Amino acid sequence: MAVRTTGVPVLAADGATVAVGGTTLLAPTTFAVAPGGFWCVTGGNGSGKTTLLRAFLGSRSLTGGSCSIGGEPADMARPSHRRVLASLVEPVPIARDMTLREQVSLVAASWYGNTSDTAGRAEGIIERLGLSPFVERFPHQVSSGQLQLFSLALTFVRPARAALLDEPERHLDDHRVGLVAGLIAERAEQGTAFLVATHEAALVEACDGRVELG
Ligand SMILES: Nc1ncnc2c1ncn2[C@@H]1O[C@H](COP(=O)(O)OP(=O)(O)OP(=O)(O)O)[C@@H](O)[C@H]1O
């Protein structure tokens with residue numbers, strides 16, 4: 001089923017709530033992100049940021065309210081929702097025996113086909129995120145910050161009308177956070193809606209909407 005777009009937020013929550021055994025993990029939360037919107041989810045440790053993102057992915061069940069993608073209840077079992085939504089919330093599957101370049105190229109080819117345009121797309125992301133100096137290495141041969149950039153490359157190299165990112169600043173220095181902020185802004189300009197859980201002031205300053213938890 002096609003995901004509706006016209007006049008409908010790409011990502012929305014309406015009273016989304018998660019409680020487990022009498023403990024509230026996510027207090028009722030309501031917001032809507034339009035195409036091209038860059039929204040941050042902020043709040044202290046344990047305020048429910050990751051829980052909210054997981055509710056969209058179905059890895060955390062709502063006990064009240066709803067989360068929707070393109071106006072439909074979020075359901076990642078639907079191929080149409082998987083096509084719309086890219087995410088870096090759970091650790092991405094990484095192959096130990098393939099170089100970083102091979103893996104970024106493989107993910108790009110799985111979405112766009114194995115063409116020269118696709119190879120160029122993969123190289124573009126590799127350059128934008130500063131992976132070029134170590135892209136021929138295997139995952140166990142890079143630092144934790146470089147692994148984070150690689151995970152972001154796998155997330156950004158695929159098509160997405162919406163993206164969920166959980167603390168994309170993890171392990172990154174200020175310069176690399178700037179690269180990520182620039183890429184988010186560029187993709188948002190092209191129409192992707194972002195929901196980014198973060199503690200990073202540079203991302204919060206750059207966003208155009210905010211969900212404050214806790
Ligand atoms: N499996 C679980 N069972 C019970 N409570 C949980 C479980 N997982 C997380 N929590 C609680 O849910 C609340 C929200 O956690 P969540 O990970 O969403 O917070 P967060 O805002 O992302 O925090 P941080 O900034 O530290 O990453 C926390 O109080 C946490 O202790």
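How many of the 9 residues of helix H1 are buried? The count is 7, so H1 is largely enclosed by the rest of the structure; here a residue is buried if 20 or more other C-beta atoms lie within 10 Å of its own, exposed if 12 or fewer, and partly exposed in between, with C-beta atoms placed from the backbone. Please keep in mind that this is a predicted model, in which local features need pLDDT of at least 70, side-chain atom pairs count only at pLDDT 80 or more, and totals for chains, interfaces and linings use all residues. Residue numbers start from 1 along each chain as its sequence is written.

**Confidence**

- The predictor's confidence in each residue is given as pLDDT, on a scale from 0 to 100. Its mean over the protein is 95, and 97% of the residues reach 70 or more.
- The scores for the model are ipTM 0.96 and pTM 0.94.
- Residues 1–5 are the stretch to treat with care, as pLDDT stays under 50 there. The model has 13 contacts for these residues beyond four places in sequence, a contact being two residues whose C-beta atoms, placed from the backbone, lie within 7 Å.
- Where pLDDT is low, the predicted coordinates should not be read in detail.

**Overall build**

- The protein contains 7 helices and 9 strands. These are DSSP runs numbered from the N terminus, with helices being H or I of at least four residues and strands being E of at least two.
- For 214 residues, a compact globule would have a radius of gyration near 17 Å, and the protein agrees with its 17 Å. The radius is taken over C-alpha atoms, and the globule rule is 2.2 Å times the number of residues to the power 0.38.
- The C-alpha trace spans about 50 × 35 × 30 Å along its principal axes.
- Of the 214 residues, 40% count as buried.
- Among contacts between residues at least 6 apart in sequence, 71% join residues at least 24 apart.

**The open sheet**

- Four strands make up an open, antiparallel sheet in the order S2-S1-S4-S5; two strands pair if DSSP finds at least two bridges between them. Its edge strands are S2 and S5 (72–73), each of which pairs on one side only.
- S1 (residues 11–20) runs antiparallel to S2 (residues 23–33), and 7 bridges join them. Within this pair, Leu11 stands opposite Val33.
- The S1 and S2 hairpin has 2 residues between its strands, and Gly21 in the turn has a positive phi of about 50 degrees.
- S1 also pairs with S4 (residues 64–69), in the antiparallel sense and over 5 bridges. Here Ala12 has Ser68 as its bridge partner.
- S4 and S5 run antiparallel and are joined by 2 bridges, with Glu72 in S5 as the bridge partner of Ile69.

**Helix H1 and the ligand**

- The residues around the ligand are Val20, Thr23, Leu25, Gly43, Asn45, Gly46, Ser47, Gly48, Lys49, Thr50 and Thr51. A residue is near a molecule or strand if its C-beta atom, placed from the backbone, lies within 6 Å of it.
- S2 and H1 (49–57) are the elements that give two or more residues to this shell. H1 provides the largest share, 3 residues.
- By type, the shell divides into 2 nonpolar, 8 polar and 1 charged. In this scheme Ala, Val, Leu, Ile, Met, Phe, Trp, Tyr, Cys and Pro count as nonpolar, Asp, Glu, Lys and Arg as charged, and the others, Gly among them, as polar.
- The buried residues of H1 are Lys49, Thr51, Leu52, Leu53, Arg54, Ala55 and Phe56. They pack against S1, S2, S3 (38–42), S4, S7 (162–166) and S8 (193–197).

**Two residues to look up**

- Ala153 lies in helix H5 (residues 144–156). It counts as buried because it has 25 C-beta neighbours inside 10 Å.
- Leaving out residues up to four places away in sequence, Ala153 touches Val104, Ile125, Ile126, Leu129 and Leu131.
- Ala153 and Ala202 are 49 residues apart along the chain, and their C-alpha atoms are separated by 20 Å.
- Pro91 sits in the loop between S6 (85–88) and H3 (100–112). With 8 other C-beta atoms within 10 Å, Pro91 is exposed.
- From Pro91 to Gln148 is 57 residues in sequence and 9.7 Å in space, C-alpha to C-alpha.
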